[in-house]
Amino acid sequence: MLDQFATPEPDEAVKLALRRIEESTARGEGSNVEGLAFNEVVVNMGPQHPSTHGVLRLVVTLDGELVKDVIPVIGYLHRCKEKLAEKRTYYQYIPIVDRTEYVAGMNCEWGYVMTVEKLAGIRPPRRAEVIRVIMAELNRIASHQVAVGTFTADLAPLGTAMVFYMFRDREYILDLLEEVSGARMMFNYFRFGGLRYDLPDGWVEKCRDLMKRLPKLIDEYESLVQDNAIFLQRCVGKGVITQQDVIDYGITGPCARASGVAHDLRRTRPYSVYPELDFKVCTESHGDVFDRYQVRMDEMRESVKIVEQALDMLPKGPVQLGSLRAPYVITPPPGECYTGQENPRGEYGTYIVSDGSRYPYRLKFRDPCFCNLQLFPKLLRGNKIADAVAISGSIDLVLGGIDR
Amino acid sequence: MGLEIGTNPMDMDAIAARLVADFAAALTDVRVQEPDTVVARCDRAALKDVARRLKAHPEIGYETLNFVAGVDRLRHLESVYHVYSWKTNTYLELHVEVPKSRAEIDTVCDVWPAADWHERESWDMVGIRYLGHPDLRRILLKDDFVGHPLRKDYVDLVENHPHA
């Protein structure tokens, strides 16, 4: 019989935190307050905490307001995605990929589909490639809107004003994606060798129209926070990621680019029609919270440019290779393949080992948030707990991807 | 100041040849996988030494670990290391065989700090024990989980889930 009033046994992470306190006290590093064995307090932040954007749990060791140690505990959203792949055909697995990083479903699907195509030696028609770019960039804008919106809501100088502005405009983009694929977030739109549907009538004009309006809307967001003294105080110089951290921990995406590392797979490992497109890899130099915000803002503008160019070069033709329907059964030759794809959060890699059957023998996702989260203990140590919230917001975590 | 990417343009065959020349004894089956990956096998005992030298290599320098994946190959297990070279803007995929009877391998945490969580995941899912890892706990599954689900012979038993 479960006794619900009994104090639960501390789990491994909490035990580890307590052990580390004892060790640091034994080394004479703990703060010394009369009558207390140690001054540090172990606090569980999450898994249900509004600022962790999901079910991330941080076991935080606090000394007053200072963060002395952080132990991230993940796995609360683990849905056995890699195990599920063993019993699903390649085709059946596409909708599951949407649910890894659910904020940027199109990008994730593309990463997976691209890897299988590379493994099987399929090349989609050009119209499909261009539409894929449009979808990925639209989703990138929508994803950055969620990232920056919720981040500013965490900081709270504006309350929730910014997040509502951004979610309002994100809805325009999701409307466009819904019109194409039939779903707002769980698209199931990409197919091996093409796409499920062609663009509906009048979609291109609607998209163009939105792309004309978006830069003004992004200016509007910036005018909300850019000059706000509280916002700047909480962002500038906080949570600095150095270039050495980028190298050591494999940090990718806006977090790396904010530190001045121009690593963008659309440029450094180009795929699809990106080599033909003219866009800037947005970088900043300080690597602090503010720069990460700035990079995301700039990237939204660049994505608008990319979508406009892609709409201009949209060729006529089929969106699916061969017959009108995508192949249900696909059997790539034995071998293994890794492809990285530039997700809004960084390098979203798919590693597939094929044994020549209809099912992937082993499928592994290299999730950008998983790698970026690894830096958390180093990043948060020595900061105030309130800044820890700002820093974690600026890293932009999606737990669906981390826990898989 | 920015970290320069791809400042040392070498074509893939040159990189593969260079690796064969410099790591003759330790790396075998070196082949190029288009467009930008070199795939190689590495001996289990030599892994740590090879990792150190790969990272410190003056012309290629695989400085960043991308991910570690454990794979069950039925006869044996495999630990796959995917590393990135900033200088040449290329990747190296290192396959290391681990026997099932003694699924142990040296950690590369002290060479590439990023390996920490990836090795924990590989331990959690495939059951490869990384010797010398600072904190080899389960990462995605709960602490008292029994078994390693991505092994091909894994059987899910209800008795293993007392809280479910």
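This report describes the domains, the chain interface and selected residues of a predicted model.

## Basis of the model

Residues are numbered from 1 along each chain as its sequence is written, and chains are lettered from A, and ligands numbered from 1, in the order in which they are written.

Contact (heavy atoms within 4.5 Å) links 17 residues of domain 1 of chain A with 18 residues of domain 2 of chain A.

The size of an interface is often given as the accessible area lost when the parts come together. Buried area here is the accessible area (1.4 Å probe) that two parts lose on being put together, summed over both. Between domain 1 and domain 2 of chain A about 1500 Å² is buried, and carbon and sulfur atoms give 69% of this area. His53(A), Glu65(A) and Val67(A) supply 36% of the area that domain 1 of chain A buries against domain 2 of chain A, more than any other three residues.

## Polar links between the domains

Three residue pairs are in polar contact across the interface of domain 1 and domain 2 of chain A, both residues being at pLDDT 80 or more. A polar contact is a pair of N or O atoms within 3.5 Å; within protein, one must be able to donate a hydrogen and the other to accept it, and residues adjacent in sequence count only if both atoms are side-chain atoms. Strand 3 (66-73) of chain A and strand 2 (57-63) of chain A each supply at least two residues of the side of domain 1 that touches domain 2. Strand 3 of chain A gives the most to this side, with six residues. Helices (H or I, at least four residues) and strands (E, at least two) are DSSP runs, numbered from the N terminus.

The rule also finds one salt bridge across this domain interface, a salt bridge being a side-chain nitrogen of Lys or Arg within 4 Å of a carboxyl oxygen of Asp or Glu. The side chains of Asp69(A) and Arg381(A) meet in a salt bridge, at 3.5 Å from N to O. Asp69(A) also forms a salt bridge with Arg20(A), at 3.1 Å from N to O. Arg20(A) lies in helix 1 (residues 12-26) of chain A and Asp69(A) in strand 3 of chain A, so this pair ties together parts that are 49 residues apart in sequence. Asp69(A) is buried, with a relative accessible area of 9%, whereas Arg20(A) is partly exposed, at 32%. Buried means under 20% relative accessible area, exposed over 50%, and partly exposed in between (1.4 Å probe, protein chains only).

## The interface of chains A and B

Chain A brings 43 residues into contact with 50 residues of chain B. The two chains bury about 3900 Å² between them, with 55% of it on carbon and sulfur atoms. Six salt bridges cross the interface of chain A and chain B, and 22 residue pairs between the chains are in polar contact, both residues being at pLDDT 80 or more. Helix 9 (residues 243-249) of chain A gives the most to the side of chain A that touches chain B, with five residues.

Thr64(B) has its place in strand 3 (residues 62-72) of chain B and is buried, with a relative accessible area of 5%. A polar atom of the Thr64(B) side chain lies 2.9 Å from the backbone oxygen of Ile247(A), and a polar contact of 2.6 Å joins the side chains of Thr64(B) and Trp86(B).

## Salt bridges within chain A

Over all chains the count comes to 48 salt bridges. Glu82(A) and Arg362(A) form a salt bridge in which the closest N and O atoms are 3.4 Å apart. Glu82(A) lies in helix 2 (residues 81-84) of chain A and Arg362(A) in strand 8 (residues 362-366) of chain A, so the pair ties together parts that are 280 residues apart in sequence. Glu82(A) is buried at 7% relative accessible area, and Arg362(A) counts as buried at 6%.

A network of salt bridges links Glu137(A), Arg140(A), Arg257(A), Asp264(A), Arg266(A), Glu299(A) and Glu342(A).

Key: This is a predicted model: local features need pLDDT of at least 70, side-chain atom pairs count only at pLDDT 80 or more; totals for chains, interfaces and linings use all residues. Side-chain values use heavy atoms; hydrogens and water are left out.
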